[in-house]
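Colleague: Could you take me through the ring contacts and charge pairs here, and tell me what lies behind each label?

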Amino acid sequence: QVQLVESGGGLVQTGGSRRLSCAASGRTFSLDAMGWFRQAPGKEREFVAAIGWSSSITYYADSVKGRFTISSYNAKNTVHLQMNSLKPEDTAVYYCAAVIRPKIYHHSDYVAYDSWGQGTQVTVSS
């Protein structure tokens, strides 16, 4: 199994920045992609960003393009999400997820991800 631990959440002001980190451990040699999803109270989980582990190709939701940047440090099995120009709409619990099992999938589909972290709260005040 793969264990994921998120960190970096907290309270920030509108227009501020925050960097989230996710460290993976366990059977990480089979990692295909890692991504970030978020869920606000009363709303469904939504895709934020993802990165191919070998290709380094990145994908972003339209709502965060130009503001968020996902990056990976493969040697340490770590992925980061740099969040800039934060808005109150970004307030949510952010979850790190990993695609491990071989499959054909789209990066934005949560059902494709095999392992999940417990989440970290990001609150943007105004």
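Modeller: Gladly; we can start with the aromatic rings and then turn to the salt bridges. Keep in mind that this is a predicted model.

Colleague: How many aromatic pairs are there?

Modeller: The count comes to 4 aromatic pairs.

Colleague: Why is the pair of Phe 37 and Phe 47 called edge-to-face?

Modeller: Their ring centres are 5.6 Å apart and the planes meet at 70°. Centres within 6.5 Å make a pair, and planes over 60 degrees apart count as edge-to-face, so this pair is edge-to-face. Phe 37 belongs to strand S4 (residues 33–39) and Phe 47 to strand S5 (residues 46–52), 10 residues apart. Both Phe 37 and Phe 47 are buried.

Colleague: And what makes Tyr 113 and Trp 116 a tilted pair?

Modeller: The distance is 6.1 Å centre to centre, with 55° between the planes. Tilted covers the angles left between stacked, under 30 degrees, and edge-to-face, over 60, and 55° falls there. Ring pairs also link Tyr 113 and Trp 116 with Phe 37 and Phe 47 into a cluster.

Colleague: Tyr 113 and Trp 116: how do you know whether each is buried or partly exposed?

Modeller: Buried means under 20% relative accessible area. Tyr 113 has 5%, so it counts as buried. Trp 116 has 27%, which lies between the 20% and 50% cut-offs, so Trp 116 is partly exposed.

Colleague: Which residue lies over the face of Trp 116?

Modeller: That is Arg 45, at 4.5 Å from the ring centre, where the cut-off is 6 Å.

Colleague: Now the charges. What makes Arg 38 and Glu 46 a salt bridge?

Modeller: Their side chains meet at 2.7 Å, N to O; the rule asks for within 4 Å, so the pair qualifies. Arg 38 is buried, because its 5% is under 20%. Glu 46, at 34%, counts as partly exposed.

Colleague: What is the distance between Asp 90 and Arg 67?

Modeller: Their closest N and O atoms are 2.8 Å apart, in a salt bridge. The two residues are 23 residues apart, and the pair links distant parts of the chain. Both Asp 90 and Arg 67 are buried. Together with Arg 38 and Glu 46, they are linked in a network of salt bridges. The whole structure has 6 salt bridges.

Definitions and conventions:
Residues are numbered from 1 along each chain as its sequence is written. This is a predicted model: local features need pLDDT of at least 70, side-chain atom pairs count only at pLDDT 80 or more; totals for chains, interfaces and linings use all residues. Side-chain values use heavy atoms; hydrogens and water are left out. Rings of Phe, Tyr and Trp (its six-membered ring) pair if their centres lie within 6.5 Å; planes under 30 degrees apart count as stacked, over 60 as edge-to-face and the rest as tilted. Helices (H or I, at least four residues) and strands (E, at least two) are DSSP runs, numbered from the N terminus. Buried means under 20% relative accessible area, exposed over 50%, partly exposed in between (1.4 Å probe, protein chains only). A charge sits over a ring if NZ of Lys or CZ of Arg is within 6 Å of the ring centre and within 35 degrees of the ring normal.
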